[in-house]
Every structure is written in structure tokens, then in C-alpha cells.
Amino acid sequence: DFPSYESTDEIIEYIKNEMNERVEEIKIVEENGIKALLVGINTKLYDISPLILMGHIDTVKVNIELYDTNPFVLTEKDGKYFGLATIDMKSFTAIVLENLDKLKKIKVPLVFCLSTDEETLNHSMRAAILWLKKLKITPKFTIVGEPTNQNFSLYSKADYEYKVEFFGKSSHSSKPS
């Protein structure tokens with residue numbers, strides 16, 4: 001039970017400790033004080049072309065009044081489970097942790113990458129990508145452990161940013177002169 005919308009330091013340490021003796025290498029990278037966790041499950045994190053398992057561990061800030069159940073307690077109701085992030089990437093992280101021994105046997109290099117601020121700025125993922133680039137590590141492909149309409153998806157939502165400059169004088173459209 002980690003309130004990851006406040007700080008992800010505790011959960012990063014927890015995951016690091018859970019994986020520490022069971023994986024090849026763990027690296028925490030940081031940008032502007034925000035951490036990301038990179039884990040070489042069955043390989044060292046250098047000079048490889050891995051399959052990346054990607055997730056995030058932060059959550060949105062909770063407005064408890066919007067929930068029918070306590071969001072901090074996993075609640076089963078009519079065969080369904082309710083709770084903060086039960087279907088989000090946090091369940092993907094739990095699945096990876098639970099299956100580490102099986103994942104270590106896969107012949108393809110596997111790297112587990114966890115960002116800590118996906119719900120806000122995504123600085124941690126930028127730090128992880130820059131670190132991978134610096135070491136000339138190019139993933140074969142990435143599996144993002146977040147469901148899209150509860151289904152597999154071959155593509156992801158994109159983010160584009162444009163800077164637009166307008167020149168001239170400001171005026172109202174009814175009086176452009």
C-alpha cells in the first residue's frame with residue numbers, strides 16, 4: 001500500500017529490494033529529482049538490444065468521494081475487482097514481479113523499465129530514454145503494460161507539441177481594421 005501520487009520513493013525501494021537478488025542488474029536514473037527504475041531481468045543493461053517491458057507506478061491524486069469502494073483496498077464485487085490502479089500498469093508491475101523466475105529463462109534480453117511520473121510530467125521516462133541512448137541501447141520492441149480498451153494494441157497514443165507564433169495586431173473579428 002504505497003500512496004504513489006505523493007511520492008514514489010518507497011515503492012521504488014520496495015520493488016528494487018524485491019528484485020535485487022533475482023535479476024542481473026538494477027539502475028535508478030533520475031531527472032530533476034524524479035527517478036525511473038531500469039532492471040536487466042536476464043541481462044546486464046549494457047550493449048544490448050532488449051525487449052523492454054514498460055510500466056509506470058504513480059497514480060493520479062485520489063478524490064475518495066468519487067469511489068463506491070475504498071480505492072486503497074482491493075475489493076471484490078460481483079466477480080470484479082475494484083481499487084486504485086487495479087487494471088492500470090501497477091497490475092503489470094505485480095505480474096512481472098510474480099513471474100521473474102520465468103522471465104529470466106527467456107532467451108531474448110529483457111529489460112523492465114518503470115517510470116514514476118507518467119501521470120504528470122514524464123521526466124523519469126525521458127531520463128531513462130536518454131540513459132539508454134547514451135549507452136547506444138536500442139530496444140527490439142517494447143511491451144507497454146497498460147491495457148487499451150482492455151485489449152492488445154500494436155500502437156500507442158502519441159504526443160505532439162507545436163509552437164505557434166502569430167504576427168500582426170490584435171483585434172476582434174467583427175472589427176479587423
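Which residues of helix H4 are buried, and what covers them?

Modeller: A word of caution before the details: this is a predicted model. The buried residues of H4 are His-123, Ser-124, Met-125, Ala-127, Ala-128, Trp-131 and Leu-132. Their cover includes strands S1, S2, S3 and S6.

H4 spans residues 123-134, 12 residues in total. From first C-alpha to last, H4 reaches 16 Å. That is close to the 16 Å expected at 1.5 Å a residue. Just after H4 comes Lys-136, with a positive phi of about 60 degrees.

S6 covers residues 110-115. S6 is mostly covered, with 6 of its 6 residues buried. In a regular strand, side chains alternate between the two faces of the sheet. Here Leu-110, Phe-112 and Leu-114 point one way from S6. Val-111, Cys-113 and Ser-115 point the other way. Both sets are buried.

S6 has pairing partners. S2, residues 34-40, runs antiparallel to S6, and 4 bridges join the two. Gly-40 has Val-111 as its bridge partner in S6. S3 pairs with S6 in the parallel sense, over 6 bridges. There, His-56 has Ser-115 as its bridge partner. S2 and S3 are also among the strands that cover the buried residues of H4.

Ser-115 deserves a stop. Its place is in S6. Its relative accessible area is 0%, so Ser-115 counts as buried. Leaving aside residues up to four places away in sequence, Ser-115 touches Gly-55, His-56, Ile-57 and Asp-58, among others. The list also includes Asn-122, Ser-124 and Met-125. Ser-124 and Met-125 are both buried residues of H4.

The loop between S3 (51-56) and strand S4 (75-77) holds Phe-72. Phe-72 has 33% relative accessibility, so it counts as partly exposed. Phe-72 forms a nonpolar surface patch with Ile-64 and Val-73. Together the three have about 240 Å² of accessible area.

A search of the whole structure finds 1 salt bridge. Asp-101 forms it with Arg-22, and the closest N and O atoms are 3.9 Å apart. Asp-101 lies in helix H3 (residues 100-104), and Arg-22 in the loop between helix H1 (9-19) and S1, so the pair ties together parts that are 79 residues apart in sequence. Asp-101 is partly exposed, because its relative accessibility is 46%. Arg-22 is partly exposed too, at 25% relative accessible area. S1 itself, residues 25-31, is among the elements that cover the buried residues of H4.

Finally, the whole chain. The protein chain has 4 helices and 7 strands. From the N terminus on, their order is α-β-β-β-β-β-α-α-β-α-β. Of the 177 residues, 34% are buried. Among contacts between residues at least 6 apart in sequence, 68% join residues at least 24 apart. The chain exposes about 12600 Å², and carbon and sulfur atoms supply 52% of it.

Methods: Residues numbered from 1 in each chain as written. Predicted model: local features only at pLDDT ≥ 70, side-chain atom pairs only at ≥ 80, totals over all residues. Heavy atoms only, no water. Buried < 20%, exposed > 50% of the residue type's maximum accessible area, 1.4 Å probe, protein only. Contact = heavy atoms within 4.5 Å. Areas by Shrake-Rupley, 256 points an atom, 1.4 Å probe, with all protein chains shown as cover. Patch = residues over 30% accessible without salt bridge, like charges linked within 9 Å, V, L, I, M, F, W, Y side chains within 5 Å. Salt bridge = Lys/Arg side-chain N within 4 Å of Asp/Glu carboxyl O. Pairing = 2+ DSSP bridges. Expected span 1.5 Å × (residues − 1).
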